[in-house]
Amino acid sequence: MGIYLNPKNKGFQEAINSVIYVDKTGLIAQTNKYMNTEQKFICVSRPRRFGKSMALKMLAAYYSRGYDSTNLFMGYKIEKEETFQEHLNKYDVIFLNIQQFLIEASDDKVTKYLEQEVLCELNEEYNEVLKGGNLGLAAALRKIYAKMDKQFIFLIDEWDCVMRERQESEALQKQYLDFLRNLLKDQTYVALVYMTGILPVKKYGQHSALNMFTEYSMTDQDIFEEYTGFTEDEVKKLCEQYDMDFAETSSWYDGYMFTKFQHIYNPKSVVEAMRRHRFSNYWTSTETYDALKVYMDMDYDGLRTNIVHMLGGGRVKVNTLSFQNDMCSFRTKDDVLTLLIHLGYLGYDLEAEEVFIPNKEIIREFENAMSVGGWSEVMRVLKASEKLLEDTLNCDEKSVAKALDKAHTEVSSILTYNDENSLACAIGLAYYSARKDYKLIRELPTGKGFADVVFLPMSHSKKPALVVELKYGKTANTAIQQIKDRHYTEVLEGYIGEILLVGINYDKENENKPHRCVIEKLN
């Protein structure tokens with residue numbers, strides 16, 4: 001029918017024609033539930049390349065009047081839902097990609113250009129109703145509804161690009177938000193709005209201009225968890241189909257977690273890894289590491305410490321509520337960390353209110369960002385980590401202890417030991433290069449407690465497993481004995497290969513040799 005009004009279903013056709021298509025049509029059943037209800041305003045925010053635009057194309061193909069998309073959805077999950085036929089191709093859909101209007105219009109005419117383009121198509125379709133009038137978009141839609149009882153579904157992509165790309169222009173942002181509010185809020189012609197972007201709804205003043213929206217973001221996707229990325233079961237099936245190692249796929253691309261779905265994978269990277277049959281940095285390669293470095297280098301108290309802590313495998317408490325949902329109104333380190341959640345650089349545990357670096361691909365991006373300056377002491381520790389692992393595998397206890405002393409000296413200005421947890425993060429950082437061949441697991445549950453750090457070899461690696469116990473102000477031998485007494489190695493039942501027991505103690509009273517190490521082989 002048009003570009004904006006009832007666009008063709010070709011976009012979804014291309015998606016299902018692709019070499020890899022994972023069925024996410026169950027999303028439609030969720031949006032059907034909210035049709036013409038108080039919850040009909042939906043704002044779903046996710047990182048770039050997490051399938052936002054594909055979801056909109058799917059919704060457009062399903063709802064748009066003037067087509068018969070029945071065959072497109074045959075064999076997919078939505079076909080089995082009771083509401084499938086009820087809403088199929090029954091609505092006028094207005095599809096807006098705000099990025100397009102921002103690029104093509106001057107800043108002070110973005111909304112005017114948008115109105116002009118959409119009105120042009122509305123006038124063609126509803127010429128008799130709108131003839132002779134010089135109406136704005138909202139007024140035209142009201143008239144169509146009043147005369148013909150026609151409701152509209154709004155699908156809005158890149159809704160937040162004005163906030164991301166015109167950060168300095170508060171006037172434009174306010175004008176744009178007020179335009180959306182007038183177009184959508186309390187309008188009887190609205191049957192459903194599904195809006196996507198990277199950021200949740202922008203706040204300004206004491207209230208949000210779009211406070212009618214229910215937000216589903218990377219801090220809480222709620223009913224849309226399953227459709228945010230690939231689930232564990234979906235990735236397992238792809239690994240079987242493409243003969244790829246599931247454990248290594250998890251190490252590279254898993255790590256985003258929600259309440260029901262604890263393992264969500266980066267869809268862009270999984271598809272590329274399967275298609276190319278090789279693990280690499282696919283998602284992060286779509287943007288330069290400078291984008292991450294800008295936020296890492298922000299001078300907020302404790303931010304650098306938190307980043308180093310997470311690089312070592314640790315987690316950091318965060319308050320996400322003060323974030324203003326833009327990319328410039330930062331007041332605390334929590335605001336920066338919350339933005340990194342929305343951008344996909346950090347995972348978030350809603351229940352624990354903690355952030356962490358989700359996977360190997362993202363860890364590498366942090367390393368790239370640090371390598372260009374300002375993090376020299378951390379980079380020295382990372383570069384020395386390969387030799388530390390080699391000494392550990394050779395059971396060279398003295399060299400390991402000496403290397404840990406040096407690593408601690410390097411990062412002591414950023415990361416201070418004060419308990420076994422901070423020691424564990426420092427150890428994780430010191431063994432950074434081990435992640436090429438190992439999956440690092442902090443606080444691994446065992447029969448009688450938690451092993452501090454376990455290095456589990458990837459399937460391609462022939463290196464031994466490492467069970468590391470840490471002590472703060474005790475002895476390394478005590479750490480080894482605890483591994484044995486509490487049978488920590490039983491958690492590796494089924495693992496065939498050598499296991500090294502590594503006991504590490506830090507004694508702050510011993511200035512010359514604060515670290516001690518004991519290593520034992522267990523066949």
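Student: Which residues point which way from β16?
Tutor: This is a predicted model. In it, I499, L501, G503 and N505 point one way from β16, while L500, V502, I504 and Y506 point the other way. Residues on both sides are buried.

Student: Why is β16 largely enclosed by the rest of the structure?
Tutor: Because eight of the eight residues in this strand, which spans 499–506, are buried.

Student: OK, and which way does β15 run relative to β16, parallel or antiparallel?
Tutor: Parallel, with eight bridges joining β15 (residues 465–472) to β16. To get from β15 to β16, the chain passes through helix α22 (residues 476–485), in a right-handed β-α-β crossover.

Student: What about β17?
Tutor: β17 (residues 515–522) runs antiparallel to β16, and eight bridges join the two. V502 stands opposite I519 of β17.

Student: Switching topic: how many aromatic pairs are there?
Tutor: The structure holds 25. One of them is Y295 with F330, edge-to-face at 6.0 Å centre to centre and 80° between the planes. That pair links distant parts of the chain, 35 residues apart: Y295 is in helix α15 and F330 in the loop between β10 and α17.

Student: Where does the charged end of R48 sit?
Tutor: Over the ring of W283, 4.3 Å from its centre. R304 lies over the face of W375, 4.1 Å from the ring centre.

Conventions. Residues numbered from 1 in each chain as written. Predicted model: local features only at pLDDT ≥ 70, side-chain atom pairs only at ≥ 80, totals over all residues. Heavy atoms only, no water. Buried < 20%, exposed > 50% of the residue type's maximum accessible area, 1.4 Å probe, protein only. Helix = DSSP H or I, 4+ residues; strand = E, 2+ residues; numbered from the N terminus. Pairing = 2+ DSSP bridges. Right-handed = clockwise from strand over helix to strand, strands pointing away. Phe/Tyr/Trp six-rings, centres within 6.5 Å; stacked < 30°, edge-to-face > 60°. Lys NZ or Arg CZ within 6 Å of the ring centre and 35° of its normal.
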